[in-house]
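This briefing concerns a ligand site and a chain interface. Please examine the model below before reading the points that follow.

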Amino acid sequence: MTPIALMGALEIGLIFALVALGVLISFRTLDFPDLTADGSFPLGGAVAATLIAGGHDPWLACAFAALAGAASGLVTAWLHVRLNILQLLASILVMIALYSINLRIMGAPNMPLIGSPTVFAPFIGEALENSWLVQPAVLAVIIVATKIGLDLFFASQTGLAMRATGANPRMARAQGVATERMVLSGMALSNALIALAGALYVQTQGGADVSMGVGTIVVGLAAVIIGETLLPSRKLWVITLATIIGALLYRLLIAVALNADFIGLQAQDLNLITALLVGGALVLPQLKAKLRRKGGKAS
Amino acid sequence: MMRAEQLFKTFNPGTPIENPVLRGLSLTIESGQFVTVIGSNGAGKSTLLNAISGDLFVDSGSLHIDDQDVTRMPAWQRAGMVARVFQDPMAGTCEGLSIEENMALAWHRGRSRGFGRAIRAEQRELFRDKLAMLKLGLENRLADRIDLLSGGQRQAVSLLMASLQPSRILLLDEHTAALDPKTAAFVLELTDRIVQENKLTAMMVTHSMRQALDHGHRTVMLHQGRVVLDVSGDERKQMQVSDLLAMFEKTRGEQIDDDALLLG
Ligand SMILES: Nc1ncnc2c1ncn2[C@@H]1O[C@H](COP(=O)(O)OP(=O)(O)O)[C@@H](O)[C@H]1O
Ligand SMILES: [Mg+2]
């Protein structure tokens with residue numbers, strides 16, 4: 001693999017680290033199986049691309065993308081806590097609704113951003129010779145800042161209340177935690193991060209596409225699972241770190257697999273590989289436990 | 001003071017499994033009073049406590065804590081007034097969180113939560129001091145996950161947690177039922193100490209008539225969603241478990257087949 005291909009994998013890995021941190025909040029912290037990501041990721045992309053194409057500042061575009069993502073997470077959470085719709089179903093409803101909304105926002109199935117300003121542009125030379133380095137570097141700064149911010153949040157009074165909401169809502173309420181509000185705000189935060197990832201993604205790829213969200217949630221989940229398998233811990237700063245490493249590793253694995261001609265894999269096989277990987281990672285701990293139990297009986 | 005008036009609660013109304021659990025229950029508990037609650041399985045004891053804490057809303061009737069009407073107030077808003085220890089040691093603490101994180105959650109009961117650090121140095125000191133009183137060595141295990149503790153240890157920590165902030169009423173729902181006799185005795189003794197030291201108003205549900213008479217100032221018996229017996233003062237002091245049992249049998253209108261269980 002060439003260094004440029006490697007940095008390319010790293011770049012997408014960093015973007016999906018943001019998605020994975022969002023997934024960590026919904027699936028792990030709040031125990032809310034949320035598939036909104038497949039809609040909120042392209043939503044962030046669509047909002048950012050439309051604003052940037054309209055001549056607005058790329059950072060402002062990112063901020064609005066995150067806000068739009070927060071709104072989508074809020075709707076999913078609201079469907080569940082107020083209308084009692086099953087979590088998974090609520091998020092699927094929002095996901096498919098967002099497909100139409102994203103098309104409306106962009107006015108077309110895709111929106112090119114070639115030559116438009118991006119958050120990376122100010123650091124990139126005339127001939128674009130250093131863009132392969134600058135983009136991952138800027139992304140790395142954003143990820144590190146997000147990680148530190150999340151770690152501080154989880155250690156705060158509100159962050160602790162949010163974790164309690166996911167772990168034992170009845171106890172949380174008995175301690176005075178407004179659990180419904182926690183679910184609403186946690187889901188907003190989760191999807192804000194995922195939409196921000198979408199906004200950054202379109203700026204690295206030179207455009208937005210309405211189908212860019214397919215499989216987002218599975219990739220995010222894969223990163224979370226790989227992270228907790230490699231670095232199992234109860235410390236939150238380790239968990240967020242593991243999640244980021246999981247996202248990077250996942251993209252690297254994919255890049256290697258696609259680059260190795262002898263395996264004969266092509267880009268369109270990506271989702272299949274991901275599904276197999278996540279499935280394997282989910283089953284592995286159960287198999288291990290089963291083996292251990294069998295071993296225990298025999299002895 | 002807690003005042004419950006004419007509480008009604010029916011589960012699954014209008015279905016074949018309709019179950020009227022509270023049927024016009026009224027009960028007033030003065031400030032500083034420690035009331036023990038007995039009654040057969042399904043009498044509505046837990047339902048009453050859940051109604052007081054806001055875990056469920058009654059169909060009709062009213063609930064006052066001090067002079068505030070809390071009948072329709074959600075559980076999290078009442079938390080500043082109501083402290084609880086559950087029967088299941090798992091229910092009252094938060095799996096996956098550490099001992100100190102659980103205590104920090106309880107330390108903020110009834111207070112607004114911001115973005116400041118959940119656990120500061122001075123709180124950690126306070127938690128350490130409180131845990132040291134238990135003499136279980138937990139003061140050196142603040143960062144340990146709470147699910148590493150035994151059921152008895154968890155109930156003891158739950159009791160501490162319930163007393164970190166003032167409350168208008170402390171609700172204990174068979175909080176020693178899941179423990180072995182020795183641990184149960186320890187947790188019960190701790191309960192007495194915490195209630196006395198903090199001059200708490202408390203309601204303790206127990207399945208043991210012995211415990212019901214030996215602890216607190218007053219004993220009430222629930223039957224079919226109503227208070228059928230209410231003793232305190234001298235009358236209660238002279239009461240034997242056998243007297244209580246006789247009344248229990250009378251209200252049930254049937255022989256109790258397992259006396260040993262109730263005499264325990
Ligand atoms: N959430 C609920 N939904 C339906 N039935 C319930 C619920 N909670 C309790 N019950 C039923 O109400 C009755 C009284 O329960 P409970 O108050 O727990 O009795 P106990 O006096 O033994 O604590 C029982 O028959 C129980 O099955
Ligand atoms: Mg009960």
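Which backbone N or O atom lies 3.2 Å from an oxygen atom of ligand 1? It belongs to Ala43(B). The structure is a predicted model, in which local features need pLDDT of at least 70 and side-chain atom pairs count only at pLDDT 80 or more, while totals for chains, interfaces and linings use all residues. Residues are numbered from 1 along each chain as its sequence is written, chains are lettered from A and ligands numbered from 1 in the order in which they are written, and side-chain values use heavy atoms, with hydrogens and water left out.

**Surroundings of ligand 1**

- The shell (residues with a heavy atom within 4 Å of the ligand) includes Phe11(B), Asn12(B), Val21(B) and the residues Ser40(B), Asn41(B), Gly42(B) and Gly44(B).
- By class, the shell has three nonpolar residues, eight polar and one charged; Ala, Val, Leu, Ile, Met, Phe, Trp, Tyr, Cys and Pro count as nonpolar, Asp, Glu, Lys and Arg as charged, and the others, Gly among them, as polar.
- Both β2 (19–29) and α1 (45–53) of chain B supply at least two shell residues each, where helices (H or I, at least four residues) and strands (E, at least two) are DSSP runs numbered from the N terminus.
- With three residues, α1(B) gives the most to this shell.

**Polar contacts of ligand 1**

- A polar side-chain atom of Asn19(B) is 3.1 Å from a ligand oxygen atom, and the side chain of Thr47(B) places an N or O atom 2.5 Å from an oxygen atom of ligand 1.
- Of the 560 Å² of accessible area that ligand 1 has on its own, the protein covers 59% (Shrake-Rupley method, 1.4 Å probe).

**Interface of chain A and chain B**

- Contact (heavy atoms within 4.5 Å) links 21 residues of chain A with 35 residues of chain B.
- About 2400 Å² is buried between the two chains, 57% of it on carbon and sulfur atoms; buried area is the accessible area (1.4 Å probe) lost on being put together, summed over both parts.
- Two salt bridges are counted between the chains, a salt bridge being a side-chain nitrogen of Lys or Arg within 4 Å of a carboxyl oxygen of Asp or Glu.
- Arg170(A) forms a salt bridge with Asp55(B), and their closest N and O atoms are 2.5 Å apart.
- On the side of chain A that touches chain B, α6 (157–167) and α7 (169–174) of chain A each supply at least two residues.
- The largest share of that side, seven residues, comes from α6(A).
- That side of chain A divides into ten nonpolar, six polar and five charged residues.

Conventions
A polar contact is a pair of N or O atoms within 3.5 Å; within protein, one must be able to donate a hydrogen and the other to accept it, and residues adjacent in sequence count only if both atoms are side-chain atoms.
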